Amino acid sequence: MSNSDSQTFEEEYADLGATTQNAMDIAETSMDIVRQFVPDETLADRLRQKSVHSMGDIEFQHLIRFTGSDDLGDDEDAPVRAGARAVLEEAAVITDITMVKAGITGRGHDCEVSKAIGRGKELATETGMTRTAAAMLKLDKEDAFEDAIVTIGNAPTAALALADCIEQGTRPAVVVATPVGFVKAEESRQRIREVSEAYGVPAITHVGRRGGSGLAAALTNELIHVATDVRTDELELERTAGGRATRAASEDK
């Protein structure tokens with residue numbers, strides 16, 4: 001493979017994480033199967049597809065929730081537009097734990113990706129709160145979440161702490177929250193949706209007990225891929241979900 005072909009391969013195939021032709025063939029075949037069952041009209045549909053691909057469950061597409069608003073409105077594409085804009089503006093990406101950070105692609109963006117865990121140790125010791133909750137409060141005091149992409153894939157207490165911060169005035173560019181488990185996980189995502197709708201902060205969450213770090217990373221990566229398509233003029237970002245679906249329908253005729 002020539003240097004030019006290698007560069008094209010890198011740019012074209014970055015979105016699924018594959019670095020060899022065989023791996024990309026497998027990934028593309030998988031996504032082709034997903035698209036047989038999940039719509040491919042809106043930006044939100046792209047994240048539904050990635051959720052299905054990540055979870056290995058076609059029905060998971062019905063569990064994803066899009067809340068909040070941007071300059072174009074509060075349609076379901078708003079959180080995706082907001083996230084893509086944040087990537088294009090090289091906003092910080094902050095995750096709750098190491099696993100989520102490790103899953104976020106290093107290609108297609110110049111955003112600094114960091115994790116919250118490890119911050120606020122003294123606060124956790126003094127109060128007895130979880131390390132992730134303390135870390136979120138510590139970062140919030142440093143205004144780290146302002147205009148940032150905040151991705152929480154594991155810790156419900158991190159999502160609950162972030163919701164409190166939003167209620168008190170913190171404004172991330174977008175929140176991706178998919179904590180998994182049986183204790184406070186569903187409640188934490190519901191809390192994110194409540195503050196998202198109350199204060200207009202764009203958020204991507206889901207309902208049910210499943211989720212986790214892999215899902216959070218996959219959804220965040222798709223925000224990066226949307227931004228990449230905008231940067232390469234393959235996608236027009238400033239269009240609502242309704243307008244995008246109408247255009248897709250007309251093109252299919």
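This is a predicted model: local features need pLDDT of at least 70, side-chain atom pairs count only at pLDDT 80 or more; totals for chains, interfaces and linings use all residues.
Local features need pLDDT of at least 70, side-chain atom pairs count only at pLDDT 80 or more, and totals for chains, interfaces and linings use all residues. Residues are numbered from 1 along each chain as its sequence is written, and side-chain values use heavy atoms, without hydrogens and water.

**View 1. Ile33, Phe37 and Ile58 form a nonpolar surface patch of about 260 Å².** Patch members have over 30% relative accessible area and no salt bridge; nonpolar side chains (Val, Leu, Ile, Met, Phe, Trp, Tyr) are joined within 5 Å, like charges within 9 Å. A salt bridge puts a side-chain nitrogen of Lys or Arg within 4 Å of a carboxyl oxygen of Asp or Glu. Areas are Shrake-Rupley values with a 1.4 Å probe; for residues, only the protein chains shown count as cover. Phe37 sits in the loop between α2 (21-35) and α3 (43-55). Helices (H or I, at least four residues) and strands (E, at least two) are DSSP runs, numbered from the N terminus. Phe37 is partly exposed, at 44% relative accessible area; buried means under 20%, exposed over 50%, partly exposed in between.

**View 2. Pro179 is buried, with a relative accessible area of 0%.** Its loop runs between β5 (174-177) and α9 (185-199). Contacts (heavy atoms within 4.5 Å) beyond four places in sequence include Ile152, Pro156, His206 and Arg210. Thr151 is 28 residues away in sequence and 9.8 Å away in space, C-alpha to C-alpha.

**View 3. Glu89, Asp143, Glu146 and Asp147 make a negatively charged surface patch.** Asp and Glu count as negative, Lys and Arg as positive; His and the chain ends are not counted. Charges are placed at CG of Asp, CD of Glu, NZ of Lys or CZ of Arg. Asp147 belongs to the loop between α7 (131-141) and β4 (149-152). Asp147 is exposed, at 54% relative accessibility.

Notes:
Buried means under 20% relative accessible area, exposed over 50%, partly exposed in between (1.4 Å probe, protein chains only).
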